[in-house]
Amino acid sequence: TGDGGESDGGGRDGGAPDGGSADTADTAPPLPDPLVVVEEVPAQDDDIDGWFFDPLAIHEVEITLPEASWEALGTDPYDYVLAQVEVDEQPMPDVGVRLRGKIGSFRTLDGKPKLRVDFNRFVEDQRFYGLESLTLNNAVVDCSYLKEPVSYRVFRGLGLPAPRTSFAHVTINGMDYGLYVVIETPDDRFLSRVYDDPGGNLYDGKYIYYDDGSYKLLDFTPGAAPYMELEEGTDVDNADVIAVADAVRWATGSGVFEEALDSWVDFDALHRHLVAEQWVGHIDGYALNTNNYRVYFDPADEGRLDLIPYDLDYSMLEASTWGMSWSSPRGVLASGCWSDPTCAGHQRDAVADGLEVIDRLALPDFVADLDAATLDAAREDPRRECSFLMVTWYRDYVADWVETRSDLVAAHWGL
């Protein structure tokens with residue numbers, strides 16, 4: 001899984017962490033031709049979409065919903081409806097659009113909704129520069145608009161498979177919906193970019209939300225593993241996830257946690273993933289809340305699983321404020337490991353190595369570049385849910401976090 005924690009590359013392919021960099025953002029390469037790619041999934045080394053994930057770019061996304069589609073989203077917001085979309089004045093006809101988000105970040109079209117744009121929902125194999133879809137996050141729980149770009153950069157900097165980001169100014173039927181954070185969607189295109197073999201099974205570990213307002217968090221436990229939703233790959237009735245859950249149940253407390261799970265879990269990647277979650281303060285991630293993650297069984301790594309982060313808007317938050325603790329994680333892979341002396345020792349080593357890597361990512365400079373590129377757009381967002389002044393306050397908070405977080409994590413582990 002990757003090449004250890006010593007690279008600041010962007011995942012398995014060892015590329016730049018952001019598909020671009022702060023010092024080259026103003027001199028983006030010319031766009032490839034054709035503009036709209038309607039063909040099979042591009043090969044791993046085909047970087048036709050790299051320009052789109054310049055982390056400082058603000059793209060123009062214009063969505064047009066027919067009246068029937070608008071009304072349908074009001075009735076069932078999670079079902080795709082027909083729409084017309086232009087991205088940077090490039091028309092994409094007959095695409096699918098739906099709303100996203102659940103507790104915390106869901107908004108209707110009357111507010112500022114999270115959005116998913118699926119380019120091949122209604123036109124087979126239609127892609128935008130190889131991309132199957134776009135994920136547009138509304139930042140309603142992040143007044144800085146910066147937490148996700150910075151947090152994903154940390155995961156990628158640690159050599160982990162994680163989405164790239166950029167920004168978008170979104171309009172729907174001519175109405176201004178303001179500034180969005182663009183997140184690379186973990187789909188077949190993503191897998192082909194970050195894995196040598198993208199043919200494994202990809203599962204969604206996000207919680208299940210029921211109509212009565214209750215919900216079920218998902219983890220590698222017998223009662224939850226069957227409910228993980230297959231996103232890509234071959235339907236095996238969740239046999240692989242269930243097998244991991246059974247193995248975790250036996251391994252926990254055995255004194256040989258890593259050895260017992262070695263055939264199922266890439267522990268090098270898991271340790272680095274947990275380092276990243278703790279450093280970015282992801283209180284709604286796998287370790288603390290068994291939420292907002294994907295699971296990929298990598299055929300090139302003998303089927304061992306990786307965790308992939310997703311939806312990091314609840315990052316850079318203090319666990320204690322939310323009744324949580326990094327000393328007692330909820331996720332069974334984290335809790336089982338940290339209660340095992342050998343596995344916990346390896347986690348401590350991974351923290352020490354990871355902090356050195358993170359400190360080389362120049363995150364304070366990255367935050368400053370993001371701030372300069374997006375501050376005006378954030379302040380002018382007509383649908384933001386915080387005051388004009390709070391945008392600046394939260395950005396100062398993010399800047400302070402990246403300056404001080406390594407010392408706090410080091411102290412937690414006695415480093």
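Predicted model: local features only at pLDDT ≥ 70, side-chain atom pairs only at ≥ 80, totals over all residues.
Which handedness does the disulfide of Cys337 and Cys343 have, and why? The torsion about the S-S bond of this pair is about -100°, so the disulfide is left-handed.

**Disulfides**

A disulfide is a covalent bond between the sulfur atoms of two cysteines. The count for this model comes to two disulfides. In the bond between Cys337 and Cys343, the sulfur atoms are 2.0 Å apart. Cys337 has a relative accessible area of 0% and is therefore buried, the limit being under 20%. Cys343, at 0% relative accessibility, likewise counts as buried.

The other bond joins Cys143 to Cys386, with an S to S distance of 2.5 Å. This pair links distant parts of the chain, 243 residues apart: Cys143 sits in the loop between β7 and α2 (147-157), and Cys386 in the loop between α10 (363-379) and α11 (388-412). Cys143 and Cys386 are both buried. With the bonded cysteines numbered in sequence order, the pairing reads 1-4, 2-3.

**Pockets**

| Pocket | Volume | Lining residues by class |
|---|---|---|
| Largest | about 830 Å³ | 10 nonpolar, three polar, 16 charged |

The largest pocket, with a volume of about 830 Å³, is lined by 29 residues, of which Arg98, Arg116, Asp204, Glu229 and Glu231 are the closest to its centre. The elements that each give two or more residues to this lining are β4 (90-100), β5 (114-118), β11 (208-209) and β13 (229-232). Strand β13 provides the largest share, three residues.

Ser133 belongs to strand β7, which covers residues 133-137. Is Ser133 buried or exposed? Its relative accessible area is 7%, under the 20% limit, and Ser133 is therefore buried. The side chain of Ser133 forms a polar contact of 3.1 Å with the side chain of Thr185, and another, of 3.4 Å, with the side chain of Asp187. Apart from neighbours within four places in sequence, Ser133 is in contact with Arg116, Val117, Asp118, Phe119, Thr185 and Asp187. Of these contacts, Arg116 is also among the residues closest to the centre of the largest pocket.

Key. Residues numbered from 1 in each chain as written. Heavy atoms only, no water. 1 Å grid on protein atoms, 1.4 Å probe; cavity = no way out; pocket = protein on both sides within 12 Å on 5 of 7 lines; lining within 4 Å. Points joined across faces, edges and corners; volume = space filled by probe spheres on them. Helix = DSSP H or I, 4+ residues; strand = E, 2+ residues; numbered from the N terminus. Nonpolar A, V, L, I, M, F, W, Y, C, P; charged D, E, K, R; others polar. Buried < 20%, exposed > 50% of the residue type's maximum accessible area, 1.4 Å probe, protein only. Polar contact = N/O pair within 3.5 Å; in protein donor to acceptor, adjacent residues only side chain to side chain. Contact = heavy atoms within 4.5 Å. Disulfide = S-S within 2.5 Å.
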